[in-house]
Structures are given as structure tokens and as C-alpha cells.
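Please load the model in your viewer and keep the selection panel at hand.

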Amino acid sequence: MGLFTNFLRKFLKNLFKTKGEVKLGLYGPPNGGKTTLANKIAMDWIGEEVGKVSGIPHETREIQIKEQITIKSKKSKGKELTFNLVDTPGIATKIDYEDFLKAGLKEKEAKTRAKEATKGVVDAIKWLDDMDAVVVVLDSTKDPYSQVNITIIGNLEARKIPVLVVGNKIDLKKSDVKKVQAAFPQYDVIGISAKYGKNIDEFYEALFKVTNK
Amino acid sequence: MLTLQFIPYTEISSLSSEKKIQRLLKVVREDKIVLIEGKLGSSEKSELIRKTMEEIDDRFKGIEIEELDLDKKDRAFTDKIRTAFINFILGSRRGLTIIGPASIIKEIKKDPDKILLFTEDTKKKKKK
């Protein structure tokens, strides 16, 4: 039944897909910098932000989409890539409202945030099937061998969705992009700082490769 | 008191992914740590995360999960092919998976041939 539903979804998706329309998803655990990167991309190319960024986990609890972003290659003149950018809520195996209390939220607010965050994770997983290419955004100061990271990448691999791994936060001292590369040797891994725009041009060039443009 | 429940591969291998996940979550929701012989597939793991999210409430905070690969990395190529074929037919029996309630397990670390499990200090928690 599940296989048939997936097939039908993919068939309908391809049937109604506009020619040249690419859905580029940003996936990863909470606080890896997905929305910071989404904002950087959108600000650089269309001058708009995608969503709010904060130090409290699960700030993004709904799928956020910026349509028709066109980036231009600096290496190959005239080369362009247009995509719809899909910023997803962070995927986690646990959500404790008490963590939000510690972050300074009031009880009611913390419980609401936890409820919304769980729904966000469910939505992010559901949307996996709709992506044409995915950038997995990881915090390069953290252990990359987490089951969340392995599960996200394993699912993308099973769906044959092209993946680019980003080791974000290279501006921080504890950043270790080599460790991220060692964890996922089968993928292109790029170290960036979405916050300060470090290595962002290499990242844009890599988007052409991952989307096969 | 910590309770560890071992689930042999044969006990869940014939179950559908949905039933397998239901079974595992039921044990975890009883505040037990589950040690499974074998590994879950990536789609089973994402389904486990999805189902876990749907069940989170004030008492159940989610899960911690880790896997231990028992395959030796320096095995001969023919051995690897044989294992891949067996895994394809019978599912991944090699390895261990540990799943526990996040309210009890603080962190699971892989080191890389052993699993280190750090539990919450429940006494400390109760004092609060």
C-alpha cells in the first residue's frame, strides 16, 4: 500500500511539475543552521528572508518555502539555476518542553512550542518524497554520527535524491569539517559559515552539481 | 531501577515495519530500554521517529536510539558480497540497536565498537 501511494505521489508530482522547477530542501537536526542558510541564500539572490532564527531549538516548526530563487554561477558565465527553496523543521528523536522552560519560555508557551515542534518533524519527514535535491545542514562542531543524521541521509539515499552535505558553523573554534567528511565519504561535503557567508560561493557552485545543472 | 529488554531478531523479523515499530514503542513507553538483535532499515527508522513524535506528550519525551555495527570493516570482498546478499534476503541481522525513553537515557555515545549509555539521575530529578 505504502509503495503504491509513493509511486502515485511521484507520478502525480512529475505530471504537474513545471519544466525546470527544482525543489531544493534544507534538512538536518535542530540548530544546525538551516534557516540561517535559507536566509543567506534568499537575501543574496532575492533580497528577502525566509524565517526567524534563534538560539532556542525548534525555532522553525513549519515548512517554509521561497519560490523561484535564481542563482548565477561565478565560474561558468551565463549558467543559472532556479529553484524553490524548502526550509524544513529540524528532525529530532525527542522533544522535551522542559528544555524550552530552561531556555526562558513560560510553561504554556513551552508546551505549545513542543507540540508544534513534534508536528514539524512529522511534516519534514513527509516532505522528503517531494524533494528533487537536498542540502543536509549539520553543525560541524557536533558529532556527525548521530542516528538522526544517518536516518536522514539513509532515507534520501533510498529515495535516490541527490544530497549535498554542509558542515555549517566553520567560524566556530570547535568546528571539524573533516569529521563530517569522514562520516559521509560518499557525498560532497562543504564547510561553510552561513552566518558570516564564509565559503558561500563554493556552496553555490556545489548546488549546480547536486541539482545536475 | 533500569529495565533492559532484549528482543531477538526472530521475534520481530516477520513483523511488518508498522507492527515492528508499534512493538518497540510499546516497550519503550513502559520505561524500558530495548536491545534489539539487528538493525532497522532507514525507512523504518524515519517511521519510528515519525510515530515517536505523534506520541510525545507531557510524560513521554521521545526516544534515544543508537546502532552498533558488528561487521568487521577489513573483511574480504567476497565476505561482504555474501553478507549483503543475506541481508537483502533476510534483513539486517548483524549489529545491535538500542532504543530507550529520552526521559531515562540522557545520551548514547558510540565509541566506535561499544555503546556508552548515560542515564538521567532519577533521584536528582525527583528532588526537584
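**First stop: charged residues in chain B**

Begin by selecting B:E47, B:R50, B:K51 and B:E54, which are linked in a network of salt bridges. The model is a predicted one, and a search of the whole structure finds 27 salt bridges over all chains. Because B:E54 and B:K51 are three residues apart in helix α3 of chain B, they are separated by about one helical turn. B:E54 counts as partly exposed, at 40% relative accessibility, and B:K51 likewise counts as partly exposed, at 26%.

Next, select B:E30 and B:K26, which also form a salt bridge, the closest N and O atoms being 3.4 Å apart. Here B:E30 is partly exposed, with a relative accessible area of 40%, whereas B:K26 is exposed, at 55%.

**Second stop: helix α4 of chain A**

Move to chain A and select residues 107–127, which make up helix α4. Its 21 residues should span 30 Å at 1.5 Å a residue, and the end C-alpha atoms are 30 Å apart, which agrees.

At 35% relative accessibility, A:E116 counts as partly exposed.

Now turn to the buried residues of α4(A), which include A:A110, A:R113, A:A117, A:V121 and A:I125. The buried residues of this helix pack against β1 (23–27) and α3 (97–102) of chain A together with α3 (42–55) of chain B.

The charged end of A:K111 sits over the ring of A:Y97, 5.0 Å from its centre, while A:R113 lies over the face of A:F100, at 5.4 Å from the ring centre.

Which residues touch the most other members of the largest nonpolar core? They are A:I91, A:V165 and B:I99, in a core of 51 residues. The largest share of this core, seven residues, comes from helix α4 of chain A. Apart from it lies another core, of 28 residues, among them A:V22, A:L26, A:V166 and A:V210.

Centre the view on A:I91 and show its contacts: not counting residues up to four places away in sequence, A:I91 touches residues including A:Y27, A:P29, A:V121, A:I125, A:V148 and B:I49.

**Last stop: an aromatic cluster**

Finally, select A:W45, A:F203 and A:Y204, which form one aromatic cluster. A search of the whole structure finds two aromatic pairs over all chains. The rings of A:W45 and A:Y204 have their centres 5.3 Å apart and their planes at 80°, so this pair is edge-to-face. It links distant parts of the chain, with A:W45 in helix α2 (residues 34–46) and A:Y204 in helix α7 (residues 200–210), 159 residues apart. A:W45 counts as partly exposed, at 27% relative accessibility, whereas A:Y204 counts as buried, at 4%.

The rings of A:F203 and A:Y204 have their centres 5.7 Å apart and their planes at 50°, so that pair is tilted. Both A:F203 and A:Y204 are buried.

Technical notes:
Residues numbered from 1 in each chain as written. Chains lettered and ligands numbered in written order. Predicted model: local features only at pLDDT ≥ 70, side-chain atom pairs only at ≥ 80, totals over all residues. Heavy atoms only, no water. Core = buried A, V, L, I, M, F, W, Y, C linked by side-chain atoms within 4.5 Å. Buried < 20%, exposed > 50% of the residue type's maximum accessible area, 1.4 Å probe, protein only. Helix = DSSP H or I, 4+ residues; strand = E, 2+ residues; numbered from the N terminus. Contact = heavy atoms within 4.5 Å. Phe/Tyr/Trp six-rings, centres within 6.5 Å; stacked < 30°, edge-to-face > 60°. Lys NZ or Arg CZ within 6 Å of the ring centre and 35° of its normal. Expected span 1.5 Å × (residues − 1). Salt bridge = Lys/Arg side-chain N within 4 Å of Asp/Glu carboxyl O.
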